Amino acid sequence: MSGSGGHGTGRDMCQHWRMTDEVTGAENGLDEARRQWSELNEMLSKAQQAYYGADAPTMADQAYDDAIRRLQALERQHPELASPDSVTQKVGSATVTDFAPVTHRQRLLSLDNITTQEELAAWLRRSGEGPWLCEVKIDGLAINLLYLDGRLEVAATRGDGRVGENVTHNVRTIDGIPNTLQGDNVPAVLEVRGEIFFPVAAFEELNAALVAAGKAPFANPRNAAAGSLRQKDPAVTASRPLQMIVHGVGERDGLDVTSQSGTYEQFAAWGLPVSPLYKVLETRAAIEDYIADFGEHRHDVAHEIDGVVIKVDDFSAQARLGMTSRAPRWAVAFKYPPEEVNTKLLDIRVNVGRTGRVTPYGVMEPVVVSGSTVEMATLHNAHEVKRKGVLIGDVVVLRKAGEVIPEIVAPVVALRDGTEREFAMPTHCPSCGTELRPQKEGDKDIRCPNSRSCPSQLRERLFALAGRGGFDIEALGWEGSGALLAEGLLVDEGGLFELTADDLLRTELYTRGAKKQEIENPEKAPVGGVRDGRVLSSTGEKLLANLEQAKNQPLWRVIVALSIRHVGPTAARALAQRFGSLDAIRAASLEDLAFTDGVGHVIAESVKDWFDVDWHVAIVDQWAAAGVRMADEVDESTTRTLEGLTVVVTGTLPSFSRDEAKEAILSRGGKASGSVSKNTDFVVVGENAGAKAEKAEQLGRPILDEDGFRKLLADGPDALAKPST
């Protein structure tokens with residue numbers, strides 16, 4: 001619901017309403033407007049019932065919000081359509097369940113949504129002068145706790161805002177919710193509002209257990225929270241890791257505070273779970289920074305976040321602003337772009353990766369999510385397909401968080417019509433026909449063992465080695481990798497650095513039609529001259545230049561480019577730093593490799609196995625013969641000022657990219673870590689640092705700005721004044 005999370009039925013109708021940005025009622029008259037209003041209102045009413053009553057939404061947040069906005073637009077154009085029966089006038093949905101009804105002492109309202117900076121500015125102007133309290137918007141289940149003389153008397157769901165369901169026995173099983181308030185000055189009456197959530201880290205584990213038991217999985221963590229709380233048996237609720245965070249107050253008698261923030265401080269003193277992430281801010285700029293920060297770091301906390309809630313902090317100002325029939329005027333939810341949508345899974349196919357791993361992926365009806373159109377999403381392996389309970393033909397929940405690869409989260413079981421079918425993993429490689437098998441006994445993944453000549457593996461390896469984490473060959477993309485193999489210019493990656501202009505002239509991708517003056521005067525043609533009326537294109541010339549530059553890349557990039565299983569940039573850097581050359585890595589014992597910090601036995605064994613293959617060694621020899629640098633130059637001038645220290649860099653530094661900061665730490669003997677722990681020696685904090693900076697403060701780890709980082713690099717920890725914590 002608006003300000004609440006995922007929703008119910010009516011996917012096809014909702015897609016119809018989303019096809020146009022304009023309401024057609026004004027064009028077609030009142031009768032047409034009334035018909036549209038009736039269809040929309042009925043669809044949204046069913047959606048509310050599915051969301052609040054069945055905990056089984058089949059419509060994504062954005063689809064529901066779009067439909068609500070169209071209903072509101074119709075009612076603005078035709079005020080006579082608005083009625084008490086309209087979804088726009090309601091908070092939630094009254095439900096018929098096995099739980100006894102509970103009437104809230106004070107209505108539990110919803111929130112209006114905004115999505116743009118312009119809407120935020122307008123709302124701030126209407127709300128008056130600050131300060132404003134900002135907090136992350138938890139995508140969970142709204143709950144109302146009634147304490148009488150400090151003892152938890154009743155816990156109830158939101159329901160329709162007036163009447164909810166009595167879930168007291170279940171709530172008493174949740175760690176962190178006190179049965180008795182601690183301390184002094186406990187009010188005689190206190191309604192505490194908050195959100196119960198299911199930790200993201202535990203969500204997949206729960207769904208896997210449900211599927212294994214033959215039960216329907218939950219579509220998302222919000223519904224896992226709702227379904228876990230609304231159990232007939234409190235023991236089931238107790239078995240699940242539910243948590244709560246307080247975000248408001250209803251009726252109170254004896255609560256002597258004057259602001260929202262003051263309430264939170266008092267709640268914490270009484271032992272209620274209050275979020276450490278809220279802030280009281282004075283300016284629009286500060287609020288925008290808060291919104292932007294958590295937009296970037298929305299996955300760094302334990303629960304799902306779908307926006308930021310902004311509230312007028314002062315209670316007297318809240319009272320002056322009042323409320324509508326469904327939402328307070330003194331609070332608003334700034335919603336982030338959706339990262340989850342619903343779409344139809346048309347098929348499940350497989351891809352053969354650079355190390356031979358066969359990965360299922362979903363082919364879906366195209367859908368816009370997180371700012372881009374998505375048609376395919378990963379399903380990891382056959383075990384994951386079964387674990388998630390996904391069938392071909394399902395409507396599925398698709399998730400894409402920023403630049404993360406799109407992933408199918410779960411099926412929407414309520415929309416199945418019986419035409420869905422199970423996916424069967426192929427037994428032979430779809431690219432070369434080789435029989436598929438696990439690499440080792442017990443592996444969940446199956447692989448194509450034809451690593452030397454499987455066309456898919458060859459193309460994936462070429463594409464990967466050209467990536468930014470490898471040789472960084474910009475002009476060699478996915479199409480280029482395929483073209484070089486298709487034309488027979490390469491039989492494997494070993495010949496990559498031997499390519500010439502004459503070779504590239506045999507491809508269409510890297511050539512263009514020669515101009516008349518180039519044909520008549522070949523000396524005016526690009527390098528390689530004219531062949532069959534064609535010359536090298538600018539992309540072809542760029543590829544040759546990229547290849548020449550790539551020969552001088554540092555050793556860790558060469559190691560990444562070899563496509564050794566389990567060896568990514570972190571392990572490659574560690575190996576390059578310790579051994580200095582590919583010859584030394586090849587000659588090292590299994591124990592020496594495993595002893596390298598950040599490597600370990602599994603990676604060490606993978607490295608040894610890779611070098612035991614003759615044609616792998618032949619690739620290295622070909623590259624070396626073509627001039628690829630196989631050892632790092634030792635810079636004796638760089639003092640190892642960080643020997644034995646672990647440093648975390650978070651946020652944006654004006655003078656260092658992420659890679660440059662990491663290189664600076666590693667070259668001085670330090671360990672560049674990606675997470676803050678009690679073993680972290682220093683945390684370097686730039687702009688928009690987010691949760692890592694907060695964790696450093698919580699753990700009392702030394703914090704440095706960029707100037708402090710430079711001093712640490714130059715002179716080591718002893719040269720620093722006592723850092724701030």
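User: Which order do the strands of the open sheet follow?

Analyst: The strands of a sheet pair through backbone hydrogen bonds, either parallel or antiparallel. Here 5 strands form an open sheet in the order β2-β11-β10-β3-β9, with mixed pairing. β2 (113-114) and β9 (279-281) stand at the edges with a single partner strand each, so one side of each has no neighbour in the sheet. Two strands pair if DSSP finds at least two bridges between them; strands (E, at least two residues) and helices (H or I, at least four) are DSSP runs numbered from the N terminus. This is a predicted model, in which local features need pLDDT of at least 70 and side-chain atom pairs count only at pLDDT 80 or more, while totals for chains, interfaces and linings use all residues. Residues are numbered from 1 along each chain as its sequence is written, and side-chain values use heavy atoms, leaving out hydrogens and water.

User: How many bridges join strand β3 to β9?

Analyst: Strand β3 (residues 132-138) and β9 run antiparallel, joined by 3 bridges. Trp132 has Leu281 in β9 as its bridge partner. Helix α9 (residues 260-269) packs on the sheet and touches β3, β9 and β10 (305-312), its direction making about 60° with that of β3. Contact means heavy atoms within 4.5 Å.

User: At what angle do helix α4 and helix α10 pack?

Analyst: Axes are lines fitted to C-alpha atoms, for helices over the stretch in contact, and angles run from 0 to 180 degrees between N-to-C directions. Helix α4 (residues 117-127) packs with helix α10 (residues 284-296) at about 135°, their axes 11 Å apart. That makes α4 oblique to α10 (under 35 degrees is roughly parallel, over 145 roughly antiparallel, 65 to 115 roughly perpendicular, the rest oblique). The crossing is right-handed: the near helix is turned clockwise from the far one by less than a right angle. Gln117, Leu120, Ala121 and Leu124 in α4 meet Arg284, Ile287, Glu288 and Ile291 in α10. These contact residues divide into 5 nonpolar, 1 polar and 2 charged; Ala, Val, Leu, Ile, Met, Phe, Trp, Tyr, Cys and Pro count as nonpolar, Asp, Glu, Lys and Arg as charged, and the others, Gly among them, as polar.

User: Where do the axes of α13 and α14 come, and at roughly what angle do they cross?

Analyst: The axes of α13 and α14 come within 9 Å and cross at roughly 130°. α13 is therefore oblique to α14, and the crossing of α13 and α14 is right-handed. Leu458, Arg459, Glu460, Leu462 and Phe463 in α13 meet Trp478, Glu479, Ser481, Gly482 and Leu485 in α14. The residues of this contact comprise 5 nonpolar, 2 polar and 3 charged.

User: What are the buried residues of α14?

Analyst: They are Gly480, Ser481, Gly482, Ala483, Leu484 and Leu485, and they pack against α13 and α15 (501-504). Buried means under 20% relative accessible area, exposed over 50% and partly exposed in between, with a 1.4 Å probe and protein chains only. Gly488, with a positive phi near 75°, follows α14.

User: Which residues does a cis peptide bond join?

Analyst: Most residues other than glycine have a negative phi, and most peptide bonds are trans. A cis bond joins Gly130 and Pro131, with omega about 5°; Pro131 is in the loop between α4 and β3. Asp472, not a glycine, has a positive phi of about 60° and is found in the loop between α13 (455-465) and α14 (478-486).

User: Is Asp532 buried or exposed?

Analyst: Asp532 counts as exposed because its relative accessibility is 75%. Asp532 lies in the loop between α16 (516-520) and β18 (534-536), and its phi is positive, about 50°. Asp472, at 39%, counts as partly exposed.
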